[in-house]
Amino acid sequence: MQATIVEAVKDALHTEMAADDDVVVFGEDVAESGGVFRATDGLLEEFGEDRVVDTPLSEIAIVGAATGLAMYGYRPVAEIQFSGFLPPAFDQLVTNASRIRWRTRGALSAPMVVRMPYGAGVRALEHHSESMEGAYAHIPGLKVVAPSTPHDTKGLLLASIRDPDPVLFMEPKRIYRSFRDDVPEEDYEVPLGEAAVRREGSDVTVVSWGSMMPPTLEAADEADADVEVVDLRTISPMDTETIVESVKKTGRAVVVHEGPRSHGVGGDIVARINDDALMYLEAPVERVTGFDTPVPLLSMEDYYFPHPPRILDAIEDALSV
Amino acid sequence: MSENEPTEHPANATVSAGEPRFLTQDDLSVDTHQVVAPDGSYDSDDVPDLDDEQFRDLYRWMLTDRVFSKRMVSIQRRGELGTFGSTRGQEASIIGSAYTLQPDDWLYVGRAWTPMFMRGVPMKDMILFWRGIEEGQQSFADHNCQIAISIGSHLPLVAGLAWGMDLSGDDAIATAYLGDGATSTGAAHEAINFAGALDVPALFYCQNNQYAISLSADEQTGANTLAQKALAYGMDAIRVDGQDVLAVYEAVSEARERVRNGEPVFVESVTYRMDAHTTSDDPTRYRHDEEVEAWEDADPLERYREFLKAEGLWDHIDHDAIVDEIDAEFDAALEEANAFEERGVEETFAHVYEELPPDLQRQFEEFSDLLERRPELYDYIEQRPKG
């Protein structure tokens, strides 16, 4: 079938709720209204009010209760309405979900998914546009996933719900409905921790993920060079090998992400390239990122967002040395 | 469209004119449930229905709690433990409540260690926990219990565990032990409200021991009592004299029944932390001797002994022999804990994820290699706590 990213989310939830009675979906406005982006539309009718639950407006309780449910043997899939509202529950991720396995030497675990739309570009007010994957990827014990296509969204979400560890599933809401893609109707998984080479090339490697993939691919198409594009897909644990192999081939690299530059995932990717491919580099690794500022509100966000010309400029810089 | 009933609350039908009337805390009358008065007197009709062996059992567990705390503080002073939080003064509050719990119930605690022993956790594992050895929590998990260190952070987990019990139709409840300080956290607020909204079988047992490290309960909140906080979440609550083991037992047993029937309950147990917050704390900096002495007079074991004497049960209890038995159990546990072998660094990397990701595998290999190349690094690695 042809589906958008948000339809692929819905399809994955339907698929797994039908396959596994232990899957419970909950969050703010997810049941009766089907979610503010309609990602959980139809679940209540199909699976009933025990398994599809509207919760109070309580991010700490949503993430904490998901952890408790998972400890008790369920497979909770909690929705945080916008990623900008996750910070209150950061404590539950850091303090409980990510370390219950470690704390109990494997006697307990928290196989759970927290889904949330992330990123700028939807003309929103404050707190609706954050890309804080760097902060979340810094938590040992948590996995962080950010798909960029409908096909990957379904496969990664199914893999995330079945994963034995807690997964933060960051959905690129800017491209929730911007294109359709062939999504198999059957059950399939895209494994966590494996990047995809979206575009093969020999001159320069561009690494990106999530909602940055369309502008990255657009810039790659416009570049007067043979650009290889790596879609990370899982931020943590990171597929260093795919990045390093690509850079060894091209000798040049650009990292593109939407979140702030300092202390971001981009810096870590540069460090990994330094560790394993420094002697292959012919130019410094470029970073195209958001600024170290809050994400501007709707009127100014286009200055912040890494649009294709910024990415193209960095690709040309990497090629110019 | 919603199939729910219209949301207008029946109380809204009452409209008052004239001077605006504010709701105040004084509208509430919050009693403190008590069975045995501080002077040892009681009304036989109020005594919970327990048999003689159970009455003696309660005493034995309270004594276990006291002796365990005393021994732990003592080995910490000798440098054989990282730190420890004594429960002295809270024995009635801890034992009276935990005695009501069933094996399938879940128990998530702060400052209540003996309930773990009551569930079958070996004393050795509690010593390991306070030595910073993770196998302690593993053992607790095997008995449906855990200790929360980050104050209040466990309440949402308890709401989730209770939700799981409800979904599974299990005959069990999830219990959070919390302190007065925890009631000020956002996590507690959200979790109690969440449990109340979803009607899950969660019991929130708040030991108001008057201090969160140095801050007194009076300064912790503007609320007259902690019990009344539950009402705002649509949850029933009871305040109980935490120095009276029979009052605690009776209140929590009834609370557990209500919880089993789908009504979460909040219990405030009014007690006192006689010792320091932990062995690293010096309470003389923030509280007066007179206050501590006054609470010494409200000793929960003393009060329960008065009851046992009046019932003619005391003659059948050999206090000194019980203390000797608990001491011997502690000695054996300490010996076992001392025999716990030092572990290799691989233990730190284990169980972060079910499978070791490549990054962690690499960090482990690099560090193992460094240890091999620079064995002098072992001079800096000390696994035995100094206290």
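**Notebook: domains, sheet and chain contact**

I began with the domain assignment of chain A, which gives domain 1 (2–182) and domain 2 (196–320). Such bounds come from an automatic or database domain assignment. I noted that this is a predicted model, where local features need pLDDT of at least 70, side-chain atom pairs count only at pLDDT 80 or more, and totals for chains, interfaces and linings use all residues. Residues are numbered from 1 along each chain as its sequence is written, while chains are lettered from A and ligands numbered from 1 in the order in which they are written.

**Entry 1: the two domains of chain A**

I took the C-alpha centres of domain 1 and domain 2 of chain A; they lie 26 Å apart. Then I looked up the contact between these domains. Domain 1 of chain A gives 27 residues and domain 2 of chain A gives 24 residues. Contact here means that the C-beta atoms of two residues, placed from the backbone, lie within 7 Å.

Which elements supply the domain 1 side? I found α6 (133–137), β6 (143–145), α7 (150–162) and β7 (167–172) of chain A, each with at least two residues. Helices (H or I, at least four residues) and strands (E, at least two) are DSSP runs, numbered from the N terminus. I sorted the residues of this side of domain 1 of chain A into 14 nonpolar, 6 polar and 7 charged. In that count Ala, Val, Leu, Ile, Met, Phe, Trp, Tyr, Cys and Pro are nonpolar, Asp, Glu, Lys and Arg are charged, and the others, Gly among them, are polar.

**Entry 2: a sheet in chain A**

I traced an open sheet of 5 strands with the order β9-β11-β10-β13-β14 (chain A) and mixed pairing. Two strands pair if DSSP finds at least two bridges between them. The edge strands are β9 (196–199) and β14 (286–290) of chain A, each pairing on one side only. Neighbouring strands of this sheet are turned by 25° against each other on average, direction ignored.

I checked two pairs of strands. β10 (204–208) and β13 (253–260) of chain A pair in the parallel sense over 3 bridges, and V207(A) stands opposite V255(A) in β13(A). β13(A) and β14(A) also run parallel, joined by 4 bridges. Here V254(A) stands opposite E286(A) in β14(A).

Next I looked for helices on the sheet. Helix α8 (213–222) of chain A packs on it, touching β9, β10, β11 (227–231) and β13 of chain A, at about 170° to β11(A). Helix α12 (308–320) of chain A lies across β10, β11, β13 and β14 of chain A, at about 165° to β14(A). Axes are lines fitted to C-alpha atoms, for helices over the stretch in contact, and angles run from 0 to 180 degrees between N-to-C directions.

Is β14(A) mostly covered or uncovered? I found it mostly covered, with 4 of its 5 residues buried. A residue is buried if 20 or more other C-beta atoms lie within 10 Å of its own, C-beta atoms being placed from the backbone.

I counted 15 helices and 9 strands in chain B. Of its 387 residues, 43% count as buried. The C-alpha trace of chain B spans about 85 × 65 × 45 Å along its principal axes.

I then turned to the chain contact. It takes 33 residues from chain B and 38 residues from chain A. On the chain B side, α6(B) gives the largest share, 10 residues.

Note on methods: Buried ≥ 20, exposed ≤ 12 C-beta atoms within 10 Å, placed from the backbone.
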